[in-house]
Amino acid sequence: MRKVNSDTATHVLADACRVLASVGAGERSLDDALDSALDYPELRRTTGSLLFFYFRRKRFVDKWIDTLACRPPRPRLRRLLAAVLTQIRFQSGIVPESAANVAVELAKSAGNANEAKFVNAVLRRAVRELPPVDDAPEEVLPPAVLKRWRGRYSPEELAAMCRAFLSPAPFTFRAERGFEPPPEWEGTAVPCRGPFRFFESPKPGLVLDSEAMREGRIYIQDPATTLAASLPGMEPVRRILDVCAAPGGKSLLLSERMKAGTSLVAADRSARRQEQTKENFRRRGLDFAVITAEPRELAGEFDLVLADVPCSNTGVFRRRPDALWRFGAAELRKITVLQHSILDAAAARVAPGGQLVYSTCSIEPEENEQQAERFLAEHPDFTRMASEQLLPSVESDGAYACLLRRSAQSMPT
Ligand SMILES: C[S@@+](CC[C@H](N)C(=O)[O-])C[C@H]1O[C@@H](n2cnc3c(N)ncnc32)[C@H](O)[C@@H]1O
């Protein structure tokens, strides 16, 4: 086992606590918190990895804290215990006693001797009595999610989803036509929709640091993203609008399918995310228009409109395990109202006879089929041409996409 430099270990643990405080009771995503709450951004990977383990095993770790502590720890100490117990039980490269020592020193440095004593007592016991780990869905999935999914999936499907939740997602990337990953990347082809080429590699460092990455010849993406981009027919399409484009992943996929002379407008409400869209297009040598605007502020008529809307992310829990812990009835209501308004705004930009693709990375019916049903009931000039959902598995993320066509006879909006 690796003995980690104690400064590094202290910084990682302290930053993990900061990020957990910033995530709070579910107001912020783990990715956003990692982007903004770190004192040591150079250690982001290590801190992120620890917190990914935590959100996959949150149910176990939280229960363990309750068993070990004779009284409920105050939030600051609970966060410290959550982080260090995750290291002790789930991070195989870490010596449990060293992790415990670092946590006790951190508690001491906060200046409260009683708190440090408490942390010391809890952790000495934890290291002596490592409890067995159970991978059953009721020991892993957040209760709110388990309750919903039990009604929808068979025990076998639920167990498979749980296995996927517990396994870190493989590092996958899309390669442009004609690009072959060099042998040292040890890339293996991954199945996907449409004419795209996806690979999995156990060497993310080599891939991320490559010339091909800088030139945009490859793009880090999950194969499930090809579902939305492979549905529309491209033959009559000359004008494309992506209303939720940032950071450009699906626009890039469409660019591989579009005919010469087709234009694409990539719109998104987030100026910050659009900087990344611009950079992704620049690397690829694409001169698509990038605009910052809300979907309802957009104008013009397009042969193909893509609405890849914000969602609960329940289909991408392998990459965002914290999303399942943020999921709840109130969040679902809020996000479906937003999706409804974005889909309506996107539909208004579809030319008569044009196509509309609605997509999410959720597997909740309210965000997928039920949105499509509501839309069709309110827009009789649209017809559903196809729709499909992928369930998350150890091979790919979950996704949903629906292709709608506007009648050629309908009046322009
Ligand atoms: C799922 S992401 C899009 C991912 C993108 N299509 C890709 O493949 O790279 C959803 C996007 O919707 C945008 N969005 C547009 N209108 C929004 C609104 N009113 N509220 C929140 N997000 C909105 C977000 O900024 C975000 O970039």
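How many residues surround the ligand, and which are the closest? The shell has 17 residues, and the closest are Cys244, Gly249, Lys250, Ser270 and Asp308. A residue belongs here if its C-beta atom, placed from the backbone, lies within 6 Å of the molecule.

Before selecting anything, note the ground rules. This is a predicted model, in which local features need pLDDT of at least 70, side-chain atom pairs count only at pLDDT 80 or more, and totals for chains, interfaces and linings use all residues. Residues are numbered from 1 along each chain as its sequence is written.

**Whole chain**

Show the protein chain as a cartoon. Look for 18 helices and eleven strands. These are DSSP runs numbered from the N terminus: helices are H or I with at least four residues, strands are E with at least two. The C-alpha atoms fill a box of roughly 75 × 45 × 40 Å along the principal axes. Of the 413 residues, 41% count as buried. Buried means 20 or more other C-beta atoms within 10 Å of the residue's own; exposed means 12 or fewer, and partly exposed lies in between, with C-beta atoms placed from the backbone.

**The ligand shell**

Now select the shell around the ligand. Its residues divide into eight nonpolar, three polar and six charged. Here Ala, Val, Leu, Ile, Met, Phe, Trp, Tyr, Cys and Pro are nonpolar, Asp, Glu, Lys and Arg are charged, and the others, Gly among them, are polar. Helix H14 (249-257) and helix H17 (329-347) each supply at least two shell residues.

Next, colour the "binding site" that UniProt lists in an unreviewed entry: Cys244, Ala245, Ala246, Pro247, Gly248, Gly249, Lys250, Asp268 and Asp308. They span 65 residues in sequence, yet no two of their C-alpha atoms are more than 12.7 Å apart, so they gather at one spot. UniProt positions use the numbering given here, feature names are shortened, and annotations may be inferred rather than shown by experiment.

Zoom in on Pro247, in the loop between S5 and H14. The peptide bond from Ala246 to Pro247 is cis, with omega near 5°. Most peptide bonds are trans.

Step to Gly248, in the loop between strand S5 (239-242) and H14. Gly248 counts as buried because it has 27 C-beta neighbours inside 10 Å. Leaving aside neighbours within four places in sequence, Gly248 is in contact with Ala266, Thr277, Asn280 and Phe281. Contact means C-beta atoms, placed from the backbone, within 7 Å.

Gly249 sits in helix H14. With 20 C-beta neighbours inside 10 Å, Gly249 is buried.

**The listed active site**

Which residue does UniProt list for "active site"? Select Cys361, again from an unreviewed entry. Look in the loop between strand S9 (350-360) and helix H18 (369-378). Cys361 has 30 C-beta neighbours inside 10 Å, so it counts as buried. Beyond four places in sequence, Cys361 touches Cys311, Asn313, Gly315, Val316, Asp397, Gly398 and Ala399.

Stay with Asn313, in the loop between strand S8 (302-308) and helix H16 (321-326). Phi of Asn313 is near 65°, a positive value in a residue other than glycine. Asn313 is buried, with 23 other C-beta atoms within 10 Å.

**Last stops**

Move to Glu186, in the loop between strand S1 (172-175) and strand S2 (188-190). Its phi is also positive, near 50°. Is Glu186 buried or partly exposed? With 13 C-beta neighbours inside 10 Å, Glu186 is partly exposed.

Finish at helix H5 (residues 75-90). Its buried residues, including Leu77, Leu80 and Arg89, pack against helices H1 (6-23), H3 (44-56), H4 (58-68), H6 (96-109) and H7 (113-128).

Note on methods: Contact = placed C-beta atoms within 7 Å. Expected span 1.5 Å × (residues − 1).
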